[in-house]
Amino acid sequence: MRQFPRKPDDRYWRVEFMFPKPLLAAMLAALSLLPGIAHAQAAEGYAYYETGDIDAPAPRAPSLGLLLIGGSEWSEPAWRWFAGKTGGGHLVILRASQDGSDGEWLMKHIGGLASVQTLVFSNREAAFDPRVADILANADGIFIAGGDQSKYVRFWKGTPVAEALNAHVAAGRPLGGTSAGLAILGGTGYGAMAPAAVDSPEALADPKGAKVTLVSDFLATPFLANVITDTHFSERERLGRLVAFVAQARAAGNADAIGLGIDEDTALAVEADGSARLYTTSGGHAWLVRPLGVPEFQDDGALDWASVELTGIGPQSRVDLARMSVANPAFAGTARVEAGQLRDVPMPPERREWSLAIHGGSGVIERGDITPEMEAAYRASLQAALAAGSEVLENGGSSLDAVEATLRILEDDPLFNAGRGAVFDAEGRNQLDASIMDGKTLNAGAVAGVSSTKHPVTLARAVMSNSRHVLLSGEGADQFAREQGVEQVDPAWFRTEHRWRQIEEWRKDNLSALALDPTHRFGTVGAVALDRDGNLAAATSTGGLTGKRWGRIGDSPIIGAGTYAANGKCAVSGTGTGEYFIRENAGRQVCDRIAWNGQSIAQAADDTIASIGALGGDGGLIAMDAMGRIAFAMNTEGMYRGAASSDHPAEEAIYADETLTNED
Ligand code: ASP
């Protein structure tokens, strides 16, 4: 995400402003610091910035792709995709305000580009400058920044710049735009040519009026010939005006006109064949707006339209812009317009402000197996862990902080098989495994077989944040903990009498006991959370299996098996026979079922446990989707578990037949 100020930032003039020819560069850079430079630029009609090596050969040929961004934050994965479409070559950013700082950001945070050149236009004459034509002709990718699209229309329509943009995509090179830069990419676009931008009520009251300034015959972008785009879509309640734009276009004779609105922080990445996928950093959508038939207008000009089909595109949707079809929409419905008023608008599912789910292990736990006192103790422990995580989330803390805080409580609690109270291995040692994953960045950290680190989940987080690696094991992991100042304890800290008795029983009956009695598996702990910023995270911590040998490592520290989190998809923590969770990639499987199959969180969780069961494995998992909806799935008689969210109080459960009020 872009962290730099949105305003023009003169840092780049002073520090990173560079020209290709060193001598000229030095002279111009010196000039640029003097007040006279503004005049010099105005005469030229544009300012030029570059970063990277504009003479470097592009590693690969560019290929067609469209990056359609709805304004505000830029999704890093979407930009990596676009950089790939340039073939790792030379990107040109066009704009009519601000400076070259986006180029600096792209080189620093995205990479995969040989150079970024930025042209900031201040008049129409600049569009006829041969150097501008040359820069555009050599671009491996072009991106049109945000700003004021009326300037783009006035400066570029009917000029060599428009010709160059059309030739660029016609030659199969990638093109993108955000905000004002996206507004002009459709075959018809809202040019914002009137003194003030039109809002939804004004546009619906008079779609053919003077404020609805549509522009056509400007750019010819593949797949968008009949598409009118709009941006900052939900944030600025622009559905009404986009319907009005489509109404004007249809009334003017374009019977196929439709609308495509894109929310802020959200990008639709369109492949050369028209297939597209959505990236969003904040749960945004793209909205396909397809009214049926012709619009009608009242005497005062207000719009009437009986059926306006709306299709919400989310990260899990599969879009085909060549056929204008959307498989697995995030939401869909039919709105209508009556006398300029929008009615029955289908809305995206609402995200919980925050949400938390935890588990404390699965296994054969039937009513009567534990004493009422023990049951009360387990329930109190689950509530204490929920309280710790909820406090973080309620106060606006991150989901990563919440899952870590929750697991630290459970690691300290001797009732659970993690940290203190962990099971013993065959040699009578506690060997601890843990992992954590950040759904926002897909960064992850894990440790296996640590024996002196008090909170393995905190060490996993240190691996994620402070090392180049994902998984550290054994003594090396404990050594890393010491170097990082992660709290160390005497290994005796983890020992509890209860677990010691278990290993002694196991020794008497050795492996047959394990095979016959799966109840030893109680107690792995895990948490998944969604925070107020819409970021998911997951973490798991365990002592593994009683009597484990030969450095056995289960699923808990395996990213994708015991733990997984990806924004827009899901967060998962598992517990059970780790060998099966590894083979089925349980955590990742749940998320892929959502992203690729369009399954609900509950179906995805159940089907994943079924696939583990089909191999002979047993256990359970907790899962949360991007909206904060929670699912628990298990094929055992019970799983210690609990949930709390911004709209539900904390609740805990033990037996399989218990249902929490906020589970899906
Ligand atoms: N899944 C853990 C492991 O295999 C054990 C458990 O969840 O009880 O190490």
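Predicted model: local features only at pLDDT ≥ 70, side-chain atom pairs only at ≥ 80, totals over all residues.
The largest nonpolar core comprises 71 residues, of which Leu 67, Leu 68, Trp 79, Leu 94, Leu 106, Phe 121 and Trp 156 touch the most other members. At least three residues of this core come from each of domain 1 (39–176) and domain 2 (186–349). Leu 68 illustrates the contacts: leaving aside residues up to four places away in sequence, Leu 68 touches residues including Gly 177, Leu 182, Leu 224, Ile 262 and Val 270. Another core, of 35 residues, lies apart from the largest one and has Tyr 564, Ala 605, Ala 623 and Met 639 among its members.

Aromatic pairs number 17 in the structure. Trp 74 belongs to the loop between strand S2 (65–69) and helix H4 (76–85), whereas Phe 143 is in strand S5, 69 residues apart. Trp 74 is buried at a relative accessible area of 2%, and Phe 143 is buried at 0%.

Because Tyr 190 lies in strand S7 and Phe 245 in helix H11, the pair ties together parts 55 residues apart in sequence. Tyr 190 counts as buried at 2% relative accessibility, and Phe 245 is buried at 0%.

Trp 74 and Phe 143 also belong to one aromatic cluster with Trp 79, Trp 81, Phe 82 and Trp 105.

Charged groups also meet rings. Arg 131 lies over the face of Tyr 48, 4.4 Å from the ring centre, and the charged end of Arg 495 sits over the ring of Trp 500, 4.3 Å from its centre.

Conventions: Residues numbered from 1 in each chain as written. Heavy atoms only, no water. Core = buried A, V, L, I, M, F, W, Y, C linked by side-chain atoms within 4.5 Å. Buried < 20%, exposed > 50% of the residue type's maximum accessible area, 1.4 Å probe, protein only. Domains from an automatic or database assignment. Contact = heavy atoms within 4.5 Å. Phe/Tyr/Trp six-rings, centres within 6.5 Å; stacked < 30°, edge-to-face > 60°. Helix = DSSP H or I, 4+ residues; strand = E, 2+ residues; numbered from the N terminus. Lys NZ or Arg CZ within 6 Å of the ring centre and 35° of its normal.
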